[in-house]
Amino acid sequence: MNLIRLLGRFRFKKIRNRLFAAMIVLFLPSIMLLGYISYNITNKTLTERNEQTNRDHLRTSSEVADLLFHNINQLHYSIVVNDEIREDLRHSGNDPEVRPDSQNVRTSTRLQRLVSGSFGDTRYVKSICIFDLRFQTACFGRSDDAGPYETPDKAQKIMAADWYRDVYENKGKVVYYRSDIFGEADDVFSTVKLFRDAGDASGQPIGILVVNVSKSIFGKIFSGNRELGSYMVIDSTPGETTAVFSTAEAVQLKDGTIGETLDHIRGQGYQVSPFYNQMTNWTFVHLVKTKELLKESQNIRWATTAIAAGFALVALIYSYMISGSITKPLLQLRKMMLDWTKGARNFPTAFAQDEVGVIGETFKRIACENDELTEKLIRSELKEREAELKALQTQIKPHFLYNTLDSIYWMAMLQNNRDVAQMAVSLSESFKLSLNKGKEMIPVYKELQHIEHYLKIQNIRFKNRFRYIEEVDESIRGLEILKLLLQPLVENAIYHGLESKIGEGTIRLTGERDGQYVIFRVEDDGVGMTDLVRTKQGYGLGNVKERLKLYYGEDSTLDVWSRPGEGTRITLRFNPYPNPK
């Protein structure tokens, strides 16, 4: 009873006083809560946008890294397939009477000549060294010694090194090592490859190839990203975590998994955005101090508080001044808003010429503009998807003119070099089929011709190691499909399945109808894969899968089956006559 009496004393007789008191009780706490929520939403939005932007930048940086590291890999392959260097290694490893000093000079000279005549980008290559089976060293770009391994027990020290075990475990793949294996330079990291005898069907090792790369290459990789923060490249191996490259001097790393390392960095007050690079098995990381990132939100916080306070003051003044005459137009406005949320668009013809009327007319205009913006957004999204499809289909561009290839062909024929002539013809035909006169669609039989030309080139490179079996139904050979759907799958089978396999390998391409769908399968009997998730995220399969979804719809599929030691099978299934979107 006492409480009721106390509340009764604060009961105002006038409506405007009641409205004023109610606004104080209800509106001010709401404004404070709105400011708090706005501040937290702003922080969350800034953080999420920063992470998304940085992930996009890191994805771009990873693609740039793949292009640059692809040049390094190609340099490895060009040295491995060089007949003169391979012959030197055979004699050096099998003939004890060969003098190491003369052999090293000859091999070093050939390395220099090979690098000087290379068409690839070698500006970041600091030095190249080759170890034979007796661990004799021949180098280009540095002295012919093994650095810290140049001791009486040289062979034992090299065989005990981590990089030596890794290169043998990877069976011929290029291994990216986090630092200089010779321990002579801090601004260099090493790439190591097992030198197999390409002329031997069994692919026996005849040496080890080391290409030292300047870490200034990361300046090129991250050169396009000028956003706030710094970058790191982290190599996380079991029991050890190392920064291959870093522009963040004060960051400390912790040994463990990459997840534990990133959590440790976040604990030092950083916002972290990681991106895994499949080619090097390194993690690209963008770092930004949380305090620096949220500086803008602090300004927004004060601005929000000031705006909220201003609105609160205006609302209190108007609530005191306006009485019952506002009730009717407010109810009318409320009904209009509720009807609009339910989809109704029959607005009142006009409001009274007062503040509520201005709000009503403004809402009507905003509602109409919102409908127009929604339609524009839908059209914009459709155009964006079309642009994505065209962008994905034009990622591979020709770099040579047909007349140059024709000149190469006739020069090879005059010199009676059939392999070079065949390679020039196959490459020319491959470019023509890829361009397809600017058309996005290509008959199945022409896509199969593209694959045959590509395999001719690869068999010339790898001494006819690959056997190709084609089993495609005649009923679908004339069918029009997106160009470059099947050739990247065959290329993926060679580089990830058969290239690392010892001896010959087989690729089988089958195609058939299944009702309204067409099914293509590309199978190989290569080394197989264990991590299918990373394989699907790679550039080749990722490109095919995204183009498939964009053009043939979400019911199209790309499935990957693989088992180590047994091979890999990739299956495409799609409706060749998708409904227009």
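## Salt bridges, a disulfide and an open sheet

Let's start with a charged pair: Glu84 and Arg113 form a salt bridge, with their closest N and O atoms 3.1 Å apart. For the term itself, a salt bridge here is a side-chain nitrogen of Lys or Arg within 4 Å of a carboxyl oxygen of Asp or Glu. Glu84 sits in helix α3 (residues 83-94) and Arg113 in helix α4 (residues 100-116), so the pair ties together parts that are 29 residues apart in sequence. Helices (H or I, at least four residues) and strands (E, at least two) are DSSP runs, numbered from the N terminus.

Before going on, some ground rules. This is a predicted model, where local features need pLDDT of at least 70 and side-chain atom pairs count only at pLDDT 80 or more, while totals for chains, interfaces and linings use all residues. Residues are numbered from 1 along each chain as its sequence is written, and side-chain values use heavy atoms, with hydrogens and water left out.

As for confidence, pLDDT is the predictor's own figure for each residue, from 0 to 100. The protein has a mean pLDDT of 78, and 75% of its residues reach 70 or more.

The structure holds 16 salt bridges; the table gives some of them.

| Salt bridge | N to O distance |
|---|---|
| Glu84 and Arg113 | 3.1 Å |
| Arg165 and Asp162 | 2.4 Å |
| Arg477 and Glu470 | 3.0 Å |

Arg165 and Asp162 are 3 residues apart in helix α6 (residues 162-169), which separates them by about one helical turn. How accessible are the partners? Glu84 is partly exposed at 39% relative accessible area, and Arg113 is also partly exposed, at 47%. In these terms, buried means under 20% relative accessible area, exposed over 50%, and partly exposed in between (1.4 Å probe, protein chains only). Arg165 counts as partly exposed at 40%, as does Asp162 at 36%. Glu470, at 23%, is partly exposed too. Elsewhere, salt bridges that share partners join Arg142, Asp145 and Glu184 into one network.

Now for the covalent link. The structure has 1 disulfide, counted as a pair of cysteine sulfur atoms within 2.5 Å. This bond joins Cys129 to Cys139, with an S to S distance of 2.1 Å. Cys129 lies in strand β1 (residues 125-132) and Cys139 in strand β2 (residues 137-140), so the bond ties together parts that are 10 residues apart in sequence. The torsion about the S-S bond is about 115°, so the disulfide is right-handed. Cys129 is buried, with a relative accessible area of 1%, and Cys139 counts as buried at 4%.

Finally, the sheet. Five strands make an open sheet in the order β11-β13-β14-β16-β15, with mixed pairing; two strands pair if DSSP finds at least two bridges between them. β11 (466-472) and β15 (557-563) stand at the edges with a single partner strand each, so one side of each has no neighbour in the sheet. From one strand to the next, the twist averages 10°. β11 and β13 (residues 505-514) pair in the parallel sense over 7 bridges, and Tyr468 stands opposite Ile507 in β13.

Helix α15 (residues 444-461) packs on this sheet, touching β11, β13 and β14 (517-524), and its direction makes about 170° with that of β11. Contact means heavy atoms within 4.5 Å. Axes are lines fitted to C-alpha atoms, for helices over the stretch in contact, and angles run from 0 to 180 degrees between N-to-C directions.
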